[in-house]
Amino acid sequence: MRAVADETASQEASQNTEAAVADRGFRKVREGLVVSDKMTKTVVVAVEDRVQHPLYGKTIRRTKKVKAHDENGTTGVGDRVLLMETRPLSATKRWRVVQVLEKAK
C-alpha cells in the first residue's frame, strides 16, 4: 500500500518538474567557489570544469569566473554555492545563487 503511494507521489513530482521546465525552459546549474563578495548583491564565483584532452586523455581543469546575483548577501569568500542560469540582470551578470552548499571555515 505504501509503495503504491510513494510511486504515485514520485510520478506527480516528476510531472511538476517537467511542467516547470516546459514553462521556463531548461536552465543550467553549476557549482562553484565564491572568490569575491565586494559588490552589492553580486558575487564572483569560480566554476571549475573538468574535461579530457581529446588526444592524450589527460583530465584538464578549466576555471571560469562568473558574476552571480546574491539577493540576500549571505555568501562570503570561500563559500561553495549552487548557481542557476537566469535572464541577463546586468551587462555581465547571468547567474543567480540558489543556495549555499558549504560555508567557509
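These are my notebook entries on what I looked up in the structure above.

**Entry 1: ground rules**

I am working with a predicted model, in which local features need pLDDT of at least 70 and side-chain atom pairs count only at pLDDT 80 or more, while totals for chains, interfaces and linings use all residues. Residues are numbered from 1 along each chain as its sequence is written, and side-chain values use heavy atoms, with hydrogens and water left out.

**Entry 2: the chain as a whole**

I began with the secondary structure and found 1 helix and 5 strands in the chain, where helices (H or I, at least four residues) and strands (E, at least two) are DSSP runs numbered from the N terminus. Read from the N terminus on, the order of these elements is α-β-β-β-β-β.

Next I looked up burial, for which buried means under 20% relative accessible area, exposed over 50%, and partly exposed in between (1.4 Å probe, protein chains only). Of the 105 residues in the chain, 22% are buried. The accessible surface comes to about 8100 Å², and 51% of this surface belongs to carbon and sulfur atoms; such areas come from the Shrake-Rupley method with a 1.4 Å probe, and for residues only the protein chains shown count as cover.

I then turned to contacts, which mean heavy atoms within 4.5 Å. Among contacts between residues at least 6 apart in sequence, 48% join residues at least 24 apart.

**Entry 3: the nonpolar core**

Which residues make up the largest nonpolar core? I noted 10 residues, namely V34, V43, V45, V47, V66, A68, V81, L83, W95 and V97, with a nonpolar core being a set of buried Ala, Val, Leu, Ile, Met, Phe, Trp, Tyr and Cys residues joined through side-chain atoms within 4.5 Å. The elements that give two or more residues to this core are β2, β3, β4 and β5, and the largest share, 3 residues, comes from β2.

V66 counts as buried because its relative accessible area is 15%. Leaving out residues up to four places away in sequence, V66 touches V43, V44, V45, V47, L83 and W95. V66 and L83 are 17 residues apart along the chain, and their C-alpha atoms are separated by 9.8 Å.

W95 has its own list of contacts beyond four places in sequence, and I wrote down K28, R30, V66, K67, A68, H69, L83, M84, E85, T86 and L89.

**Entry 4: the largest pocket**

Rolling a probe the size of a water molecule over the atoms shows where empty space is left. The largest pocket holds about 160 Å³ of space, and its lining consists of K28, R30, V47, E48, D49, R62, K64, V66 and W95. The elements giving two or more residues to this lining are β2 and β3 (59–69). For my own reference, a pocket is an open set of points on a 1 Å grid over the protein atoms alone, where a 1.4 Å probe fits, with protein on both sides within 12 Å along at least five of seven lines, and lining residues have an atom within 4 Å of a point. Grid points are joined across faces, edges and corners, and the volume is the space filled by probe spheres set on the points.

K41 sits in the loop between β1 (29–39) and β2 (42–52), and K41 has a positive phi of about 60° although it is not a glycine. Most residues other than glycine have a negative phi. K41 counts as partly exposed because its relative accessibility is 39%.

T42 is found in strand β2 and is buried, with a relative accessible area of 9%. Not counting residues up to four places away, T42 touches D37, K67, A68, D70 and K93.

T86 is placed in the loop between β4 (80–85) and β5 (93–102), and T86 is buried at a relative accessible area of 17%. Leaving aside neighbours within four places, T86 is in contact with R27, R94, W95 and R96.

Lastly I looked up H69 in strand β3, which touches K41, L89, K93, W95, R96 and V97 when residues up to four places away are not counted.
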